[in-house]
Amino acid sequence: MPNNWSNWSGYVTAKPRLIASPTDASELGDLIRNAPGPVRVVGAGHSFTPLVKSEGTILSLEKFEGLVSHDTGRHQARVRAGTRLGPLMHILQGLGQGLPNMGDIDRQAIGGALGTATHGSGPTLGAYHTQLETVQIVDGLGKLREFTKAGDQDMIHATGVALVVFGILSEVALNNIATYRLRRRKWVLPIADMLRDFEPMMAAPRSAAFYYIPFSGYAQIIASDLSDAAPTARPPEEDEASLRTLRRLRTALAWLPALRRRLILGAIAKLPAEDYVQDWLNVYASDRQTKFNEMEYHLPYEEGPRVL
């Protein structure tokens, strides 16, 4: 019977001869040496390219989970590479630590997030690989190797975003920071105003992002800053409901663009601005129920408004 695999969105599928979930580095090494090739590895399958697709073997890191060790004084934590970001946030919070930055999705495994340069926003904040202190991999010969920032800085840089070129990540030690709170604000404004003031608007907060609202001429801005204030309630998420509304309007009023725009602007006018304070792990991630595929383009920061 063929094995069936698909990525998170269902866009990439495969029928490998073998799907295996090793439990430790020794078993992982044996599979690398002996499993039918080509051998590919998957964390959470949250990549949208055919990186994992194989007719040979797909190795899942789903059993490579959990905390290995931690250093309270240095705010470091060593975890297994299959640990999902959602559980990782709670592990770190329990240690009094926090990831310095995150994207808005917590479904990825830390190994996959590292290998694909998953990131949040903020001109002074790096992607996950900038936190690396130690990397443990099982290489293409099934041999266990470990690199440290102190003694192997070049390899730390090389293996941080490597798409498994050097081997399969099995454990990583991350340099974190003390747990913290964020003030999160969200509001809408005309896209022309946002592009006109792009650089100061993106640079003023600790981190900022925006989403263009199709057919509207408006953008939604999300900005976060450190805060010492007491936590306040996080408003209910309306992203999924808003997305469904936009889809209905796009389809039903495709031939009446003026009416569609007017209805979308009416819906935007009813969106309340958000402003709340919460612990970091309760701010970054959004509940993404709708599956999607995405592509990113990396541009010089100052060219962003002109390209848009």
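**Figure 1. S216 in its loop.** S216 sits in the loop that links strand 14 (207-213) to strand 15 (218-227); helices (H or I, at least four residues) and strands (E, at least two) are DSSP runs numbered from the N terminus. This is a predicted model, in which local features need pLDDT of at least 70, side-chain atom pairs count only at pLDDT 80 or more, and totals for chains, interfaces and linings use all residues. Residues are numbered from 1 along each chain as its sequence is written, and side-chain values use heavy atoms, with hydrogens and water left out. S216 counts as buried because its relative accessibility is 0%; buried means under 20% relative accessible area, exposed over 50%, and partly exposed in between (1.4 Å probe, protein chains only). Setting aside neighbours within four places in sequence, S216 is in contact with R261, I264, L265 and I268, where contact means heavy atoms within 4.5 Å. Although S216 and I268 are 52 residues apart along the chain, their C-alpha atoms are separated by 8.7 Å.

**Figure 2. K270, out in the open.** Look for K270 in the loop between helix 8 (257-269) and strand 16 (274-279). With 73% relative accessibility, K270 counts as exposed. The C-alpha atoms of K270 and V164 are separated by 46 Å, and the two residues are 106 apart along the chain.

**Figure 3. Q97 and its neighbours.** Q97 belongs to strand 8 (residues 97-98). Its relative accessibility is 0%, so Q97 counts as buried. Not counting residues up to four places away in sequence, Q97 touches H70, D71, H75, Q76, A77, L92, N176, I177, A178, T179 and W280.

**Figure 4. H46 in a loop.** H46 is found in the loop between strand 4 and strand 5 (57-60). Here the relative accessibility is 12%, so H46 also counts as buried. Beyond residues up to four places away in sequence, H46 touches W8, I105, R107, Q108 and F292.

**Figure 5. The largest nonpolar core.** This core has 39 residues, of which M102, I110, Y128, V172 and W280 touch the most other members. Helix 1 (25-34), strand 7 (76-80), helix 2 (85-94), helix 3 (110-115), strand 9 (132-138) and strand 11 (168-175) each supply at least two residues of this core. A nonpolar core is a set of buried Ala, Val, Leu, Ile, Met, Phe, Trp, Tyr and Cys residues joined through side-chain atoms within 4.5 Å. Zoom in on Y128 and you will find that it touches L85, L99, N101, M102, G103, I110, A113, L114 and T118, not counting residues up to four places away in sequence. A second, separate core of 9 residues includes M194, M202, A208 and A219.

**Figure 6. The lining of the second largest pocket.** The residues around this pocket are I32, V39, R40, V41, L51, V138, D139, G140, L163, V164, G167 and I168. On a 1 Å grid over the protein atoms alone, a pocket is an open set of points where a 1.4 Å probe fits, with protein on both sides within 12 Å along at least five of seven lines; lining residues have an atom within 4 Å of a point. Strand 4 (residues 39-42) gives the largest share of the lining, 3 residues.

**Figure 7. The whole chain, for orientation.** The secondary structure comes to 9 helices and 16 strands. Along its principal axes the C-alpha trace spans about 60 × 50 × 35 Å. Of the 308 residues, 43% count as buried.
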